[in-house]
Amino acid sequence: MPKSLKSQLTSTILAIVLITIIVISFLANIFINRKFTDYVARQQELKVQIIVSSISEQYSASTQQWDNHYLQAIGMFSLYEGYIIRVYDKDGNILWDAMSHDMSLCNQIMDKISRRMEVEYPRLDGEFVSSDYELVKDGETVGMVSISCFGPFFLNENDVNFLHSLNTILIIIALAASLASLFVCHIMADRISRPILKTVDATRQIAEGRYEIRLEEESRIREIKLLEGTINHLAGSLETLERMRKQLTADVAHELRTPISILQSYLEAMTEGIWEATSERLASCQEEVVRISKLVGDLEQLTRIEADNLKLEKSEVDLRLLIEKTVNAFEAELKDKGLTVTISGAKPHLMADYDRLKQVVANLLSNSIKYSDCGKSIQFEIFDAGKSCGFVIMDMGTGIDSEELPFIFERFYRADKSRNRHTGGSGIGLAIVKSIVYAHGGEVTVQSEKNIGSAFTVTLPKK
Ligand code: ADP
């Protein structure tokens, strides 16, 4: 069973945070401990020096006497600090000795320090060691002191408390950081997983056919926002496809209904003897049959071109010659409407499917003729842009509304909604143009203004 994104994210981030905290705590502990023991050892040396100089100060050179009262005070103070001292005069006589003063207190303090160090530093293996120091006053040796303390260093109660509170603070920081990261992970995982779950739900609904579903693109995470945008785009495309599919069925039915009902009524009237089968009436019937067969032919051609296995038979094509030949084939229609065609520009050669490219030019030219008023002109401007080439066909025809422009390349789309049968088109011509141009790796664009004219630009790669 795969884990949810939320728990996966939470456990991963938590593991990273915990490992980081453990490593930092471990290193901090080692580092602080080392620095602290160095500091304690230095302090210890300093204290010994202070004890030695304080004792020396108790000798009076003028009276050659020691102040026994202060010697005892210094001795007791040192004892409580963990230093057991014995003071000698310059003749080696004992002036003051902590052991003989209060042996049980000395033992008690020594015991306490040894036990504390055993607990805190079990591997230190320390013991009480004593060292002798000369007592010097005004450059003259006045006696000696023997100081015994736990070595190589020892901690007093305050030092231990300090170390313990440092460790407690580290533990509290670690706990607080873990809790904070858990909280942040939870919020973050929620922020990521919630929109993903929403997207999954929307995708499921789209798969079930509810193409109108749209996601609110509100995530603050760029990738998720992109995903939401893509799903919306997908839903939009599917919606358009579905609409086009329904439209196609309706349009095919609609396109066929009119000529078939005309045929049916004509033929019925003629077979029942209501109408005489004159050659004009038979010609009308034939016209409708031609219309149906043209529609079926157009549809067939479009299906073939749109099929994945569209095979282009490419050869070197002289674009200008191809356009000239196509224009010539329309001579009769052009003459009928008194239209003039001019061809200008470059003379590029390209690798293309000759027949299909001719079809592109023919469809565009046929539209320009269809939607131009008598006496106007149509212009072909051929261009060569190095790796690509193409042509622009401009007419001074009816033009197309800007709202209609995005749809004119869809099959059966006709800008004139009234579907005037006399314009003759089935709305497939431009769909065929687009399919052929796309199959060549090129593109077709249109610029048009109502009542001014239209310009279709076809750009094709040369190879
Ligand atoms: P049709 O067979 O109806 O001409 P097309 O696919 O060739 O179908 O064109 C789609 C629609 O685009 C047309 O119905 C028409 O409204 C518009 N159109 C295409 N070419 C032109 C043009 N040169 N001038 C004005 N409108 C055009």
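**Close-up 1. The largest nonpolar core and its 45 residues.** In this predicted model, the residues with the most contacts inside that core are I323, L364, F391, I408 and F456. A nonpolar core here is a set of buried Ala, Val, Leu, Ile, Met, Phe, Trp, Tyr and Cys residues joined through side-chain atoms within 4.5 Å. Buried means under 20% relative accessible area, exposed over 50%, and partly exposed in between (1.4 Å probe, protein chains only). Helices (H or I, at least four residues) and strands (E, at least two) are DSSP runs, numbered from the N terminus.

**Close-up 2. L364 and its neighbours.** Leaving aside residues up to four places away in sequence, L364 touches F391, I393, L430, V433, F456 and V458; contact means heavy atoms within 4.5 Å. A second, separate core has 36 residues, with I84, W96, F128 and L135 among them.

**Close-up 3. An open sheet of 4 strands.** The order is β4-β3-β6-β5, with antiparallel pairing; strands pair if DSSP finds at least two bridges between them. At the edges sit β4 (94-97) and β5 (127-137), each pairing on one side only. On average, neighbouring strands are turned by 15° against each other, direction ignored. Between β5 and β6 (residues 140-151) there are 11 bridges, and K137 stands opposite E140 in β6. Helix α1 (residues 5-56) lies across β3 (84-89), β5 and β6, at about 40° to β5. Axes are lines fitted to C-alpha atoms, for helices over the stretch in contact, and angles run from 0 to 180 degrees between N-to-C directions.

**Close-up 4. Y266 and W275, an aromatic pair.** The structure holds 9 aromatic pairs. Rings of Phe, Tyr and Trp (its six-membered ring) pair if their centres lie within 6.5 Å; planes under 30 degrees apart count as stacked, over 60 as edge-to-face and the rest as tilted. For Y266 and W275, the centres are 5.0 Å apart and the planes at 75°, so this one is edge-to-face. Y266 is partly exposed at 22% relative accessible area, and W275 is partly exposed too, at 30%. Elsewhere, ring pairs link F36, Y39 and F162 into a cluster.

**Close-up 5. C149, a cysteine in no disulfide.** Searching the whole structure turns up 0 disulfides (pairs of cysteine sulfur atoms within 2.5 Å). For C149, the nearest cysteine sulfur, that of C106, is 13 Å away. C149 is buried, with a relative accessible area of 13%, and C285 is buried at 7%.

**Notes.** Residues are numbered from 1 along each chain as its sequence is written, and side-chain values use heavy atoms, leaving out hydrogens and water. Local features need pLDDT of at least 70 and side-chain atom pairs count only at pLDDT 80 or more, while totals for chains, interfaces and linings use all residues.
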